[in-house]
Amino acid sequence: MLGSTHGTLTTDLRARVEACGETPRTAVHSTAALSGEDPAALDVSGRPLHSDVPDLDRFFRPESVAVIGASDAEGRPNTGITRQLIAWAERVGARVHPVHPTRPAVFGLPCHASVADLPEQVDLAVLLVADPLPVIEELADTKVKFAVAFASGFAETGDTGAAAQARLAAAVRRSGLRLLGPNTNLNAFQEFREDLDGPAIALITQSGHQGRPVYTLQELGIRLSHWAPTGNEADLETSDFISYFAEQPEVGAIACYVEGLKDGRAFLLAADRAARNGVPVVAVKVGRTETGARTAASHTGKLTGADTVVDAAMRQFGVIRVDGLDELQDTAALLARARPPRADGVVVYSISGGTGAHFSDLATEAGLSLPTLSQAKQDELHQWIPSYLNVANPVDNGGHPVGDWRGRKIIDAILADPSVGVLICPITGPFPPMSDRLAQDLVDAAEATDKLICVIWGSPVGTEEAYRTTLLGSSRVATFRTFGNCITAVRAYLGHHRFTASYRSPFDEAPRTPSPSYRKAQALMRPGQQLSEHAAKQLLRAYGIRVPREQLVTSAAAAVRAAGLVGYPVVMKASGPQLAHKTELGLVKVGLTSASQIRDAYRELTDIARYENVPLDGILVCQMVERGVEMVVGVTRDDLFGPTVTVGLGGVLVEVLRDAAVRVPPFGEDQARHMLTELRGHPLLEGVRGAPPADVDALVEVILRVQRMALELGDVLSELDVNPLMVLPRGQGAVALDALAVCR
């Protein structure tokens, strides 16, 4: 029985869930890129388990480039673009072949009348034409590897443009080349600084202008290696570039501005590849609000997807979602350059007690751990800091020493504490010479430690020598301008390394073949119809989910007999394929204890159904289950990601409470447990006001079994709602008291 779990779920789950075809998760951690995997491997739902990594080397560093529509005529838009492309090609060492039907030469380079006249097979064709479709068809015969289409007027303009984009995408598929765009720009051909060292940020943006803040990080000494402006993504998409960048050894972090995702599974596989390789992905994703989603669709012609699902999917696969472009640049910069933490503890070091208290409040509320330093460490710090100042954390120095060596001693002593992984020093404004000496001591300490040192330079001016030269001149100190951005970045940094340290790819263990449960379930499905409660519970039972003892009856006498078999007290409910909210119609009777009550209830239920004109397949006489926590577990379809699994607080107030967590299959036991901790009502499962702890292991097992249903039945099951799922006290299991299933 489900109720037999007692904290040894992994072992028990293996046996029980395998009975309905589930494969236990035994994958070992892998930080290497996928190799030797069958790229055609599909899970039981028919979705891919591995992503191909496009070979984009010749896109970013081609040996030869054709510029189709090239011009050197003054005043022509194509002239400036042609000039920039020639300069870029020279930097990357590529040969340029201008193409124009009437020009013998462009900027001194021989010009070819058509694509067919190109003197060699080129790696990249840049299309400076209003209609790229005919050119794509010409390029198909020349074996060009990549093309870029700048033209607009496609899916971003409405239905007519979407149809034109569909024709373009079809032509690209037939041609065998890969296309960037349409509705893209020249960002891929920007000049990147070659004098910067260290891990780089690779940038992906659907709106080119939105990548400017990250691009300008180079002026602060932070390296940028690539910029992929994906535009409308008729072919190459954000996921392709994430997969590619995750394999590049120079890339320390991937920064994304995403308006819409083209393919949900492709995005998850790309994020999975980055997580396996330990490469952080930081993203701004438009569409949190209805207005943002509508604007994004008008800009790129994409489906933004239900934001709660997008948000959950990103967290599930370790993508760090931020809100602002300033957060994107600061978080990506920190993650690209900082070494892995040795501890999660954060110490705040300040020259002002007020500053330290303010920052500590914000950091603690954001979930950062500020450990109290040991008494021995506090005694050590008080050798150099007056005894009346608090040094427990935050550390208030009362004014950083300027005239001697004590300042560096204080910083080194804090960093020597094994509980400290990050030291943050908020400097709300310049106060020379104290702030100058403090900045220099922090930089010197950072060069001598492998722990992270962060500085917040709060001056709105930003022209001070201590900031422009000392702090920004160091590649070992992470410098921020606001408290909020520092906290966001440090939280992401610590969270990313915790996530990757224990990451297990769910795709490694996703089921590939249908279970015996699937064959049972097929016989119960009714295309285009909603199942009755009785049929929906049979569906649950097929997947090993426990339901109450019950019988479906069609007469009062049969109801009395059924109650005797089920055992008093009983619940009686109307059962029919069109019933969704039985309680609101008075079609549920609870706590019946006698034959006379059974007969009366049967008569009343059938009368109500007749009056409401609700067809019934019978009356359910059910075992009454009273004690437990009411939860809801369900399956819904997302337009972008397909079937999703939801768990939350259940019962008749489920729509009011709106306390739920969602995941996109496949996922494992760890994610099922994380779903529960995300709920505001999670303490109910731990036991409150004298109630015993609930059987969380049994609840997790139900979530995983429902996930199996989502994977196997996702294409024929539109919706599943198990509500309430009564989670009994620990060791007693979980029982699905009601269920709704809608077939596609």
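Analyst: A salt bridge here is a side-chain nitrogen of Lys or Arg within 4 Å of a carboxyl oxygen of Asp or Glu. Keep in mind that this is a predicted model.

User: OK, how many salt bridges does the structure hold?

Analyst: The structure holds 40 salt bridges. One of them joins the side chains of Glu63 and Arg58, at 2.8 Å from N to O.

User: Are those two buried, partly exposed or exposed?

Analyst: Glu63 is partly exposed, at 40% relative accessibility. Arg58 is also partly exposed, with a relative accessible area of 31%.

User: What about Asp307, which residue does its side chain meet?

Analyst: Asp307 meets Arg321 in a salt bridge of 2.7 Å, N to O. The pair links distant parts of the chain, 14 residues apart: Asp307 is in helix α10 (residues 307–316) and Arg321 is in strand β12 (residues 320–322).

User: Buried or exposed, those two?

Analyst: The cut-off for buried is under 20% relative accessible area. Asp307 has 16%, so Asp307 is buried. Arg321 has 14%, so Arg321 counts as buried too.

User: Which residues are linked in a network with them?

Analyst: The network of salt bridges links Asp307, Asp311, Arg315, Arg321, Arg663 and Glu678.

User: And where does the pair of Asp715 and Arg637 sit?

Analyst: Asp715 is in the loop between α25 (696–713) and β26 (717–727), while Arg637 is in strand β23 (residues 629–638), 78 residues apart. Their side chains meet in a salt bridge at 4.0 Å, N to O. Asp715 is partly exposed at 45% relative accessibility, and Arg637 is partly exposed at 30%.

User: Switching to the sheet. What is the order of the four strands?

Analyst: The order is β19-β22-β20-β21, in an open sheet with antiparallel pairing. β19 (550–553) and β21 (588–592) are at the edges with a single partner strand each, so one side of each has no neighbour in the sheet. From one strand to the next, the twist averages 20 degrees.

User: How many bridges join β20 to β22?

Analyst: Six bridges join β20 (residues 570–575) to β22 (residues 618–623). Among the residues involved, Met572 has Val621 in β22 as its bridge partner.

How values were computed
Residues are numbered from 1 along each chain as its sequence is written. This is a predicted model: local features need pLDDT of at least 70, side-chain atom pairs count only at pLDDT 80 or more; totals for chains, interfaces and linings use all residues. Side-chain values use heavy atoms; hydrogens and water are left out. Two strands pair if DSSP finds at least two bridges between them. Helices (H or I, at least four residues) and strands (E, at least two) are DSSP runs, numbered from the N terminus. Axes are lines fitted to C-alpha atoms, for helices over the stretch in contact, and angles run from 0 to 180 degrees between N-to-C directions. Buried means under 20% relative accessible area, exposed over 50%, partly exposed in between (1.4 Å probe, protein chains only).
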